[in-house]
Amino acid sequence: MPKPSRTRTIKRCAVVGGGIIGVAVARELANTLDDVHVTVYEKEDRLAAHQTGHNSGVVHAGLYYEPGGLKARLCRRGVELLQEFCATKNLPYEACGKLVIAQTPEESKRLDAIFARAKANGVPGVRMLDGRRIREVEPNAVGLSALHSPETAIVDYTAITNALADDVRSSGGTIRLGQEVVSLEQQAKGVVVTTKGGGEHYDLVVACAGLQSDRLAEVTGEPATPKIVPFFGQYYLLGKEARDHVRGLIYPVPDPRHPFLGVHLTKRIDGEMMLGPNAFISFGRESYAWNEINVRDVANYALFPGFWNFARQNVPSAVREFQTVVSRKKFIREAVRFVPALEGASILPGTRGVRAQAMNGDGSLVDDFVISRRRDTVLVRNAPSPGATSSMAIAEYIVEQALQD
């Protein structure tokens, strides 16, 4: 990619956030700018500690996204960059394929619309299958029709993040772990990044704070909304006796009545087969167990009118998701609809993640990526799925935009 033109000198850059997007941005800055020093601030003692390290590992092909939107554009570019990076670094990348299966005529109609979007987005090899041909791809799966995306893949996003960080260090950059940023202060030129250990001046700062993105944006003077409302997602692992019943990824057709997708089956890069996730309100932005309660985080959304607007509008969805929270049988029953051979299969607790769901004041969910600029600070305010898939493309986009005055 050609280097963007710029009219100002940038020698010191900081990136706040050590997830895959933040580290990808740091690498892109180091590769794009001459004689620059890049510093990554991460408040945890390791990279990829939150959303990056708790997701499903899927490289999304770009099936669902509005053609021409930021998600659609950056997802397809992100896939290309991830494939190339994994090949260069000898990291695992498996195109195991994905089926989105319709069980009713109504779902089949919605699937036709998804197929049209996928074609418009240039998803390679995507095709529609009737019920009989579903079994050619997944011998144990059933359905009325399905969309097959053979290029949908799986990776290890934590490993990718660490490899990106190695490139940052090789370029002379610094990764500061255990350094929580508490404020960003715009100066006449540049920004002061302050941690508990003091402040440092940078010519450009990019904030990729994920679950804390709205709070960091607010300290720069940005609006309080969209606000991050945390939703946890629980995964289970299929027992070894049932693991081979599914070859790749099996997803339901998204239901417009529900804000979240519902339980699906996902092969993991280590060979495990995951079942999930559900989606229910979390008692903390970084709470990975049911008994971890962060009073500040709960108060943050409990006092937010948008959350209650959302709750009123989604009572049936809350009931559906709560059933899978309290009942493993209900959880696996969702998967049995697509793979009857899983009836009676054992399941074990898997990882639990927390989704940084950006929400507007009226309770509507923010769907597309939201990246804003405030003088010498770039703020990633919303980067939901396919955020990890798109990470290296998001980095390209951010750096190109940031360097244009």
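Predicted model: local features only at pLDDT ≥ 70, side-chain atom pairs only at ≥ 80, totals over all residues.
A search of the whole structure finds 26 salt bridges. In one of them, Glu200 pairs with Arg12, and the closest N and O atoms are 3.1 Å apart. Glu200 belongs to strand β12 (residues 198-202) and Arg12 to strand β1 (residues 12-16), so this pair ties together parts that are 188 residues apart in sequence. Glu200 is partly exposed, with a relative accessible area of 28%, and Arg12 is also partly exposed, at 31%. Arg12 and Glu200 are linked with Arg176 in a network of salt bridges.

A salt bridge also joins Arg110 to Glu106, with 3.1 Å between the closest N and O atoms. Both residues lie in helix α3 (residues 105-120), where a separation of 4 residues is about one turn of the helix. Arg110 counts as buried because its relative accessibility of 17% is under the 20% limit. Glu106 counts as exposed, at 53% relative accessibility.

The side chains of Arg243 and Glu272 form a further salt bridge, at 3.3 Å from N to O. Arg243 is in the loop between β14 and β15 (249-252), and Glu272 is in the loop between β16 and β17, so the pair ties together parts that are 29 residues apart in sequence.

Helix α10 covers residues 328-336, and its buried residues are Lys330, Phe331, Ile332, Glu334, Ala335 and Val336. These residues pack against strands β14 (227-238), β16 (264-267), β17 (273-276) and β19 (347-359), and against helix α9 (315-326). At the start of α10, a side-chain oxygen of Ser327 comes to within 3.4 Å of the backbone nitrogen of Lys329.

Methods. Residues numbered from 1 in each chain as written. Heavy atoms only, no water. Buried < 20%, exposed > 50% of the residue type's maximum accessible area, 1.4 Å probe, protein only. Helix = DSSP H or I, 4+ residues; strand = E, 2+ residues; numbered from the N terminus. Contact = heavy atoms within 4.5 Å. Polar contact = N/O pair within 3.5 Å; in protein donor to acceptor, adjacent residues only side chain to side chain. Salt bridge = Lys/Arg side-chain N within 4 Å of Asp/Glu carboxyl O.
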